[in-house]
Amino acid sequence: MSITVAIAGATGYAGSEILRLLLTHPAYQNGELVIGALCANSNAGQKVGEFHPHLAPLADRIFAETSIDTLSGHDVVFMALPHGHSGPLAKDLAEAAKSRGEQAPIVIDCAADFRLRDDKAWEKWYQCAYQGAWTYGLPELPGHRDAISHARTVAVPGCFPTGATLALYPAVQAGITAGDLSVVSFSGTSGAGKGAKVANLHAEVCGSAKAYNVAGRHRHTPEILQNMQELTEQDITVSFTPVLAPMTRGILTTAFATTTSSPEAVQQLYEEAYRNEPFVQVLPYGQQPQSKSVIGSNNVQIAVDVDTAAKRLVITAVIDNLVKGTAGAAVQCMNLMLGWPETSGLYTVGLAP
């Protein structure tokens with residue numbers, strides 16, 4: 001029996017990246033997974049090939065209207081919608097299934113609607129009604145892989161929190177840092193989505209780099225803090241600075257924390273923490289990650305070092321913001337929720353040069 005998959009928000013970057021990964025998924029290749037409704041709003045009725053010419057096998061498919069009738073009946077629904085839209089749609093989907101006496105579909109949300117466990121933090125940062133918290137879809141965090149495999153609803157982490165969390169988690173959990181954490185992340189323009197914005201025009205971005213939402217103003221700050229606080233009883237503070245970089249895809253994160261540990265001890269700690277993680281590669285000491293090495297893959301590359309004079313732990317990590325930072329994480333969670341091999345349909349090899 002086939003698993004049917006629908007995507008709400010299929011015209012955007014996240015939606016198209018989910019489709020790219022699904023098209024090469026072994027379950028799709030052998031007929032076990034069927035790509036069902038591809039939903040849009042204002043672009044409903046148009047062909048997929050007009051928006052995503054790279055998705056050649058789906059070029060003649062037509063985007064359907066985003067509605068409960070269209071999405072109902074699928075086994076899995078990916079939501080790649082703007083923040084604030086997933087919550088009401090997920091609620092209506094569950095109620096519609098209940099009214100028909102059916103089990104609600106597995107729902108994997110790529111927006112922020114269900115990431116935060118603190119309702120006041122959600123309302124402060126997103127200025128709309130709190131929808132609750134779902135299972136947090138970062139399998140590499142302790143206990144999360146098992147929780148995801150037993151869940152019916154999962155919130156995919158934000159792209160910046162993914163890089164920052166995986167960079168910092170072993171050190172914070174091991175207690176080798178003080179509670180004051182600093183994170184600086186350089187991101188490509190695709191992280192801002194497909195909507196037209198003057199700040200993302202080629203003429204504005206090319207040959208330039210620009211920090212934005214500095215001094216704790218970025219919405220991903222409380223998510224990073226939530227993840228870190230889960231790992232320790234120590235009080236944590238996070239100072240997060242995002243930087244728009246002149247590249248299409250990728251995130252380079254540099255995280256700092258006070259430590260008295262040696263470089264050798266930190267290297268060993270990280271190698272042990274990630275030894276069995278299929279998508280996390282701790283680089284040999286002295287080698288630095290670069291964003292292009294993970295483009296197109298679900299991989300995370302991490303390097304650790306210690307500035308012994310300043311007693312500062314320095315961690316660098318790279319991800320593809322559209323894969324491990326969004327769509328790849330969503331497919332990784334789907335695999336776990338369906339009992340399929342976690343790595344199915346996900347690349348561990350990047351595109352280079």
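The questions and answers below cover a pocket, salt bridges and aromatic pairs in a predicted model.

Me: Which residues lie closest to the centre of the second largest pocket?
Reply: The second largest pocket holds about 170 Å³ of space. Its lining consists of 14 residues. The closest to the centre are His74, Asp75, Gln103, Ala104 and Pro105.

Me: How do the residues of that lining divide into nonpolar, polar and charged?
Reply: Pro and Ala count as nonpolar, and Asp counts as charged. By this scheme the lining of the second largest pocket divides into six nonpolar, four polar and four charged residues.

Me: How many residues apart are Arg117 and Glu230, whose side chains meet in a salt bridge?
Reply: The N to O distance of this salt bridge is 3.5 Å. Arg117 sits in the loop between β5 (106-109) and α6 (119-126), while Glu230 sits in the loop between α10 (221-229) and β10 (237-244). The pair therefore links distant parts of the chain, with a separation of 113 residues.

Me: Is Glu230 buried or exposed, or does it fall in between?
Reply: Buried requires a relative accessible area under 20%, and exposed requires one over 50%.

Me: Which parts of the chain does the salt bridge between Glu140 and Lys324 tie together?
Reply: The side chains of Glu140 and Lys324 meet at 3.0 Å, N to O. Both residues are buried. They are 184 residues apart in sequence, so the pair ties together the loop between β6 (135-136) and α7 (144-149) and helix α12 (residues 323-338).

Me: Why is the pair of Phe51 and Phe63 edge-to-face?
Reply: A pair of aromatic rings is described by the distance of the centres and the angle of the planes. The ring centres of Phe51 and Phe63 are 5.6 Å apart. Planes over 60 degrees apart count as edge-to-face. The pair is edge-to-face because its planes stand at 85°.

Me: Which of Phe51 and Phe63 is buried?
Reply: Phe51 lies in helix α3 (residues 48-51) and Phe63 in the loop between α3 and β3 (64-65), 12 residues apart in sequence. At 23% relative accessibility, Phe51 counts as partly exposed. With a relative accessible area of 2%, the buried residue is Phe63.

Me: What is the arrangement of the rings of Tyr270 and Tyr274?
Reply: The two ring centres lie 6.4 Å apart, and the planes are at 55°.

Me: Which residues form one aromatic cluster with Tyr270?
Reply: The structure holds six aromatic pairs. Tyr270 and Tyr274 are both buried. The residues that form one aromatic cluster with Tyr270 are Tyr169 and Tyr274.

Notes. Residues are numbered from 1 along each chain as its sequence is written. This is a predicted model: local features need pLDDT of at least 70, side-chain atom pairs count only at pLDDT 80 or more; totals for chains, interfaces and linings use all residues. Side-chain values use heavy atoms; hydrogens and water are left out. On a 1 Å grid over the protein atoms alone, a cavity is a set of points where a 1.4 Å probe fits but cannot get out, and a pocket is an open set with protein on both sides within 12 Å along at least five of seven lines; lining residues have an atom within 4 Å of a point. Grid points are joined across faces, edges and corners, and a volume is the space filled by probe spheres set on the points. A salt bridge is a side-chain nitrogen of Lys or Arg within 4 Å of a carboxyl oxygen of Asp or Glu. Helices (H or I, at least four residues) and strands (E, at least two) are DSSP runs, numbered from the N terminus. Buried means under 20% relative accessible area, exposed over 50%, partly exposed in between (1.4 Å probe, protein chains only). Rings of Phe, Tyr and Trp (its six-membered ring) pair if their centres lie within 6.5 Å; planes under 30 degrees apart count as stacked, over 60 as edge-to-face and the rest as tilted.
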